[in-house]
Amino acid sequence: MHLYLHVPFCARRCSYCDFAIAVRRTVPAEQYVAAVRREWEARRAHPAWLDSPVVDSIYFGGGTPSRLPPEDLARLIVTIAADRPLAPGAEITLEANPEDVTSAAAAAWLATGINRLSLGLQSFDDNVLRWMHRTHDSCAGPRAVTAARRAGFDNLSLDLIFGLPSQVERDWVDDLSRAIGLEPDHLSLYGLTTEAGTPLSRWTARGEVRPVDEAQYTDEYVAAHRALTQAGFEHYEVSNAARPGRRARHNAAYWARAPYLGLGPSAHSAASGERWWNLREWSAYARAVEEGSDCVAGRESPGPDAVRLEELYLGLRTSEGVPAALVPGPTLARWTRDGWATAAEGRVRLTVDGWLRLDALVASV
């Protein structure tokens with residue numbers, strides 16, 4: 001069993017963010033924990049979970065899960081473990097904003113059983129961070145890494161965003177160098193996208209911001225791949241690189257189409273050929289759970305063609321690729337001819353150039 005818990009609360013919304021968040025000055029921690037516990041009680045008896053004797057991974061995502069007090073994170077872990085024991089060495093990840101990571105907080109998180117931190121640094125440039133509407137400054141990231149290491153965390157992941165508009169004047173190579181210099185165990189690299197309803201989309205509509213051009217986006221992605229592999233990282237998925245043995249096990253479950261259960265507002269679940277997702281807004285989710293109503297907003301059962309397409313898309317995202325049988329011969333010949341893929345030992349793997357064209361390549365199959 002793999003569990004995802006969505007903690008929606010944030011101090012502010014970032015300029016690019018269209019996630020299901022709830023901006024709150026004070027986090028309603030007690031209400032949140034009670035709601036998720038009630039949902040767990042309702043979900044744990046799902047037929048797909050009855051044969052799951054242990055929990056293999058837990059991921060606290062958001063939002064800003066690090067704004068939830070450590071004792072409340074502990075209450076949730078204890079609730080789950082009382083019903084489904086944690087597997088030996090289970091991966092328990094907490095997403096954290098750098099300003100929330102102090103020596104005391106990191107020690108408290110370790111005491112709850114959390115053994116992996118994912119830090120949303122995004123950049124080391126104060127001007128960039130202000131443009132992103134981030135709540136931390138350039139010094140907070142290094143301080144957070146130092147505090148986490150001193151507390152005993154030996155599995156740290158850092159997030160960076162690339163592909164910013166040229167008007168922002170961001171030095172991507174410098175950000176990469178500084179991130180690698182902090183010696184993380186894992187790095188996630190996300191290309192900036194303009195999502196409807198965000199401040200970024202309004203700036204773009206008014207002509208104040210022009211999205212990055214394809215050449216710059218490509219150059220930054222390739223530069224990241226080169227820098228990370230030279231530093232000893234395995235670029236094992238489109239957006240993720242890790243030291244040997246430090247791949248994100250929870251996320252790997254998604255890419256392998258393993259069953260998982262999502263708890264909290266907007267959380268998604270998938271098992272036994274069915275997918276479902278919760279009400280998006282915190283207030284609607286909390287009200288439904290408190291009233292004893294179903295907090296599920298929708299369900300679907302993908303057919304064979306949709307499953308095959310998903311297997312192809314998710315598999316090609318990873319360095320393991322997919323069985324060659326999933327790619328028609330003429331298509332594979334074109335991909336290999338153009339340098340977008342390699343074929344060996346019965347598997348097809350995309351190159352870095354292929355990863356940059358992933359959506360188009362899958363659509364062409």
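1. Start at serine 188, whose side chain makes a polar contact of 2.6 Å with the side chain of asparagine 240. Keep in mind that this is a predicted model. Serine 188 sits in strand 8, which runs over residues 186-191. Is serine 188 buried or exposed? With a relative accessibility of 4%, serine 188 counts as buried. Leaving aside residues up to four places away in sequence, serine 188 touches Ser157, Leu158, Asp159, Leu160, Ser239 and Asn240.

2. Now for helix 9, residues 214-230. Its 17 residues should span 24 Å at 1.5 Å a residue, and the end C-alpha atoms are 24 Å apart, so the two agree. The buried residues here are Glu220, Tyr221, Ala223, Ala224 and Leu228. They cover an arc of only 160° around the axis, so they lie on the same side of helix 9. Over on the other side of helix 9, Glu214, Asp219 and Gln230 are exposed.

3. What covers the buried residues of helix 9? The cover includes strand 7 (156-162), helix 7 (172-181), strand 8, strand 9 (234-237), strand 10 (240-242) and helix 14 (352-356).

4. Aspartate 213 caps the N-terminal end, with a side-chain oxygen 3.1 Å from the backbone nitrogen of alanine 215. Just after the helix comes glycine 232, with a positive phi of about 95°.

5. On to the nonpolar cores. The largest one has 83 residues, and those with the most contacts inside it are Leu5, Tyr32, Phe60 and Trp109. Helix 1 (residues 29-43) gives this core its largest share, 6 residues. Apart from that core lies another, of 15 residues, with Cys14, Trp131, Leu164 and Val209 among them. As background, nonpolar side chains tend to be buried together in soluble globular proteins.

6. Not counting residues up to four places away in sequence, leucine 5 touches Tyr32, Val36, Ile58, Tyr59, Phe60, Gly61, Leu76, Ile80 and Leu263. Two of these, Tyr32 and Phe60, you have already met among the residues with the most contacts inside the largest core.

7. How many disulfides are there? The count is 0. Cysteine 17 is in no disulfide either: its nearest cysteine sulfur, that of cysteine 14, is 6.1 Å away. Cysteine 10 counts as buried at 9% relative accessibility, and cysteine 17 counts as buried at 10%.

8. Some backbone spots are worth a check. The peptide bond from glycine 62 to glycine 63 is cis, with omega near 15°. You'll find glycine 63 in the loop between strand 4 (55-62) and helix 3 (70-83).

9. Which residues have a positive phi although they are not glycines? Histidine 133 is one of them, at about 65°, and arginine 257 is another, at about 60°. Histidine 133 is in the loop between helix 5 (126-132) and helix 6 (140-151), and is partly exposed at 21% relative accessibility. Arginine 257 is in the loop between helix 10 (249-255) and strand 11 (260-263), and is partly exposed with a relative accessible area of 32%.

Notes. Residues numbered from 1 in each chain as written. Predicted model: local features only at pLDDT ≥ 70, side-chain atom pairs only at ≥ 80, totals over all residues. Heavy atoms only, no water. Disulfide = S-S within 2.5 Å. Buried < 20%, exposed > 50% of the residue type's maximum accessible area, 1.4 Å probe, protein only. Core = buried A, V, L, I, M, F, W, Y, C linked by side-chain atoms within 4.5 Å. Helix = DSSP H or I, 4+ residues; strand = E, 2+ residues; numbered from the N terminus. Contact = heavy atoms within 4.5 Å. Polar contact = N/O pair within 3.5 Å; in protein donor to acceptor, adjacent residues only side chain to side chain. Expected span 1.5 Å × (residues − 1). Arc of directions from axis to C-beta.
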